[in-house]
Structure formats: structure tokens, C-alpha cells
Amino acid sequence: LFAGEHRKSGVRAVMDQILGRKESKAWRRLFEIEVVCEEWDILRSDACDLSVPQVQDELDKRVAAGEFDFVLMSPPCNSWSRVLFANGWGPCAIRTAEWPWGFPWLSDKNSKRAEAGNCLVEFCLRLLNTALEASAAGKKVRCFWEHPEDLGALRHKGEVLRPASVWQLEDLRSQVSPETGRKTRVFRQCSFDAPYEKPTRVVTDIEAIAAWGYDGWPVFDSAGWYVGPLPKSCGHSDHVSLAKASAGEAFRTTGTSAYPPLMDLAIAEAIIDSFVGDLMSQTGAEVQGDGVATEMRPVGGVVTPHPAAGEGSSWPAKAAR
């Protein structure tokens, strides 16, 4: 969901490539797997407009029926982005932590912007709950939700403000618990070779992804400034800023909604890893020698600590520069 425009390094394309490889794998001798993937985004066609109630209802029914094994979602962060507070050279900010669903004094035009962002976030929240219900009924549906990290307070026109973030929503936070089996992790996309930092948080019950980056919800000091769990520095010195540098420039966040190719690859391998693991459990099959646990891995091999990471942080080995 919110797949963006088609790209060769997208998750679906990479999954096809992985399963099309000819090398001998132990699990390949037991299972033949075909990827059936639907990519939904209004950029693909008007029929894929996820703000349409009928489209939402139909997809919700299909998730409830267990038609999908995995649901990936990354609702647009347009009106939720803290970049809107960077300067006055673009659309104005329409929400803060105090008013996460939009300021009550918005103009008609900006109210529609807020409603559009709210509609898509609420739809994703609905699907998270539907997937839980489906899984409880024996139809295992794993989910992945990605959005920028909540980085706390900032200074805007001489005032300290807390931008709104989906991670402040109790309906989303409640999805992470031992009962749901879902975890939240935070990392920077530069760890997947992106040219920008882009601190990113996920909520997921896909096991390999739930081991990325840093554990725990955002932590702030008494004034609302971010103190973790991401460290202050990633150790890189060549990042591109995503804030506009002039009034005539397009937002630099345009295009960054697409994941770095290494991140697409890591997601694809994590999905296949989980799926194969399920098949092994369901069939009671055993693989001798090069078993699933040693051959179906996140990018580059066994998850190892990131060089700059602290306790409780783990990373795909090749994902770190």
C-alpha cells in the first residue's frame, strides 16, 4: 500500500529476483514459491486511490479473509512532515503534537489537506487491527508500517514547537505489545546507503525487520527535545539536507518516499525468510546442512551489531556503510 511509482528495485521486483535465482538452496528442494503481489498507489492509476471508502472497504475485507500473507504500508507523510516547519517556502504546517489531526482553525483548503492525511493514516490503523483479528482466527497476516521518526521539538519562528507524528497516536502505539507480537524499531536510511539520514521508524511483526536498528519508542527531555533511541550522529559526513534551500526550489523530500535499493532488498529477504519459516513449521520439514536459518538472511548475512550502535541494536551486515 502506497507503493509509489514502479521501480526496478522495489520490494516486489526484488522478491521476484530472489526467487528466480538458480543457485541451490536447501529450502528450494522442499518448496516452490511464487510471489503474488499487489501494489496500490494513486500514482499507478485512479483505481488505486486508497482514500476512496469503497477501495478501503474491499481491501479490508480481503485482509480479514487472510488473502494476503504480508501487508506493507507507508502512508504519505506530506502533512505529517516536520520539514513543513523548516522555513516559509512551502505549504504551511497544519498539525502539531497538541493538534495531531489538524488545527481547528484551518482554512477550507488546509482542512482538506489535513483530512486527506488523516484518512490514509486511519485506514492503515484499521488494517493493522484487521490483520490482528485475521491472525487470531488462524489466518496469519504480518504487517509492516513505516514512517519518519518522531524527532521531538524544533524552533520555528523563534518558538519551540512539537511537530505531530503518527508515532504519538495511542491507537498506533497500542499495536506494539507482547500480545500483538509487533515491535517498533528505528534506524536511519543512510545505513542502507541513502544519501540522506532520514530517521525512520517501523512497526512490524516480520521477525527479521523487527531486529533492525534501535528498540524502544522515542524519548524526549523535559522540554520535548529528542534524546533517543537514535544517537545524535550516524557517523556520516556527506548527507544531503531535505529542507528547501530557496523559495523556488521543489521540496527535497520529493522522491525520498522510495526506499533505498538496499532497504528494498532487506525487506524482500525478510519477507521470504518469514514465509519459508512458516512453511517449515506447518509441514514439519527439516533442512539438513545449509538450513533456512543460515541461508535466508537480511542483507549481507547474519544480523550483526552496527558499528555505531549501542546495546539492543542490530543491523544487516552490508546495510552499514
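This is a predicted model: local features need pLDDT of at least 70, side-chain atom pairs count only at pLDDT 80 or more; totals for chains, interfaces and linings use all residues.
Residues are numbered from 1 along each chain as its sequence is written, and side-chain values use heavy atoms, with hydrogens and water left out.

View 1. Strands (E, at least two residues) and helices (H or I, at least four) are DSSP runs, numbered from the N terminus. Glu146 is buried but has no salt bridge, and Lys198, the nearest side chain of opposite charge, is 4.9 Å away. Buried denotes under 20% relative accessible area, exposed over 50%, and partly exposed in between (1.4 Å probe, protein chains only). A salt bridge requires a side-chain nitrogen of Lys or Arg within 4 Å of a carboxyl oxygen of Asp or Glu; for charge, Lys and Arg count as positive and Asp and Glu as negative, while His and the chain ends are not counted. Residues touched by Glu146 include Met73, Trp167 and Arg201, not counting residues up to four places away in sequence; contact means heavy atoms within 4.5 Å.

**View 2. The salt bridge between Arg201 and Glu149.** Their side chains meet at 2.7 Å, N to O. Arg201 belongs to strand S6 (residues 199-204) and Glu149 to the loop between S2 and strand S3 (154-156), so that the pair links distant parts of the chain, 52 residues apart. Both Arg201 and Glu149 are buried.

**View 3. The salt bridge between Arg162 and Asp150.** The N to O distance is 3.4 Å. Arg162 counts as partly exposed because its relative accessibility is 25%, whereas Asp150 is buried because its relative accessible area is 2%.

**View 4. The largest nonpolar core.** A nonpolar core is a set of buried Ala, Val, Leu, Ile, Met, Phe, Trp, Tyr and Cys residues joined through side-chain atoms within 4.5 Å. This core has 31 residues, and those touching the most other members are Leu1, Leu50, Val71, Met73, Trp145, Val166 and Leu172. Helix H2 (53-64), strand S1 (70-73), helix H3 (108-136) and strand S2 (142-148) each supply at least two of its residues. Helix H3 gives the most, with 9 residues. Another core, of 28 residues, lies apart from it and has Leu19, Phe31, Phe70 and Ile206 among its members.
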